[in-house]
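The exercises below ask you to read a protein model step by step. Try each task yourself before you turn to its solution.

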Amino acid sequence: MVIWQPNETPGAIQRITRITRVRLRQVRQHLVGQRGPPPAAWLNERGFDAWILRYTVDSHRGAVAPVYPAPIHEAVEAVEHIRASGRVATLGVWGFSAGGHLAAITANTTTTTTTSAAATNGVKKTEEPETTESGSSSSSIVDFAILTYPVITMHPEAMHEGSLRNLIGLNADEEVRLGMCAETRVGAHTPPTFLFHTSNDPIVPVQNTLLFAGAMAQHRRPFRLVILPDGPHGIGLAMDDAERSWTGELERWIVGFVSAKA
């Protein structure tokens, strides 16, 4: 795990976990960046520490698709590692594209989720979030999430076939496929979430973000939704694009969230 830190500022220590297709990122004050140093630098400039965790994907570290459930285990363990450090006041997760799917799944993993050694490879198995008899669920293992042009669903109408193939395989049974539809995991435990997409994304249909936003609205969970009318997939932070720059909205949301938590 790699860390990028701003100059030490006494007082505020809060973090985020960010995930992309090949990386999970976590930050100290609230966020984690995009795919590599640029997002980490963006966070550092705003007083956030950033961690990047490389997680298992197809062709990464000799992995062979489908890679499920390794990425989920690695993301949860990364969050647990940061929490155990004792430096975390607020922890969030940020994911881009396929990493947005992992971020969404992580954000919907609760503090009462149990882990046990799996029968194979000694991998921990993450169970479904537990729910009380009253219907309320325990809190998420993170305090907020940022999902940037994320893969959300595994349903044919809006799925990204490459993500489906790499994560669970094209012939996954219906139970596994449904379990990996992040929109179906939203509930009372889901933390505040910021969502960004472009309406004409040619790779990951905008319906992915809309499905998650709809689920958040259905469960009355707080979220901020930013959809631009035009922009390619992988637009990143678009810092030098006056028409497509969206991080101003993200920064306002983060500042408001931090102030509310203080």
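**Exercise 1.** Are H2 and H3 roughly parallel, roughly antiparallel, roughly perpendicular or oblique to each other?

*Solution.* We begin with the kind of model, which is a predicted one, where local features need pLDDT of at least 70 and side-chain atom pairs count only at pLDDT 80 or more, while totals for chains, interfaces and linings use all residues. Residues are numbered from 1 along each chain as its sequence is written, and side-chain values use heavy atoms, with hydrogens and water left out.

Helices (H or I, at least four residues) and strands (E, at least two) are DSSP runs, numbered from the N terminus. Helix H2 covers residues 70-84 and helix H3 covers residues 98-107, and the two pack at an angle of about 60 degrees with their axes 10 Å apart. Here axes are lines fitted to C-alpha atoms, for helices over the stretch in contact, and angles run from 0 to 180 degrees between N-to-C directions. Angles under 35 degrees count as roughly parallel, over 145 as roughly antiparallel, 65 to 115 as roughly perpendicular and the rest as oblique. H2 and H3 are therefore oblique to each other.

**Exercise 2.** Which residues of H2 and H3 meet, and of what class are they?

*Solution.* Contact means heavy atoms within 4.5 Å. On the H2 side we find Pro71, Ile72, Ala75 and Val79, and these meet Leu102, Ile105 and Thr106 in H3. Sorted by class, this contact has six nonpolar residues, one polar and no charged ones, where Ala, Val, Leu, Ile, Met, Phe, Trp, Tyr, Cys and Pro count as nonpolar, Asp, Glu, Lys and Arg as charged, and the others, Gly among them, as polar.

**Exercise 3.** How many residues of H3 are buried, and where is Ser97 placed?

*Solution.* Buried means under 20% relative accessible area, exposed over 50%, and partly exposed in between (1.4 Å probe, protein chains only). In H3, 10 of its 10 residues are buried, among them His101 and Leu102. Ser97 lies in the loop between strand S5 (92-96) and H3, and because its relative accessibility is 8%, Ser97 counts as buried. Ser97 also has a positive phi of about 55 degrees although it is not a glycine. Most residues other than glycine have a negative phi. Phe96 is in strand S5 and is buried, with a relative accessible area of 0%. The C-alpha atoms of Phe96 and Gly236, which are 140 residues apart along the chain, are separated by 8.2 Å.

**Exercise 4.** Is Thr193 buried or exposed?

*Solution.* Thr193 belongs to strand S9 (residues 193-198), and because its relative accessibility is 1%, Thr193 counts as buried. When its neighbours within four places in sequence are left aside, its contacts include Ala145, Phe212, Pro222 and Trp253. For Pro222, 29 residues from Thr193 along the chain, the C-alpha atoms of the two residues are separated by 6.7 Å.

**Exercise 5.** What is the mean pLDDT of the protein chain, and over which residues is the pLDDT below 50?

*Solution.* pLDDT is the predictor's confidence in each residue, from 0 to 100. The mean for the protein chain is 76, and 68% of its residues reach 70 or more. Over residues 9-15 the pLDDT is below 50, and over residues 114-137 it is below 50. Where pLDDT is low, the predicted coordinates should not be read in detail.
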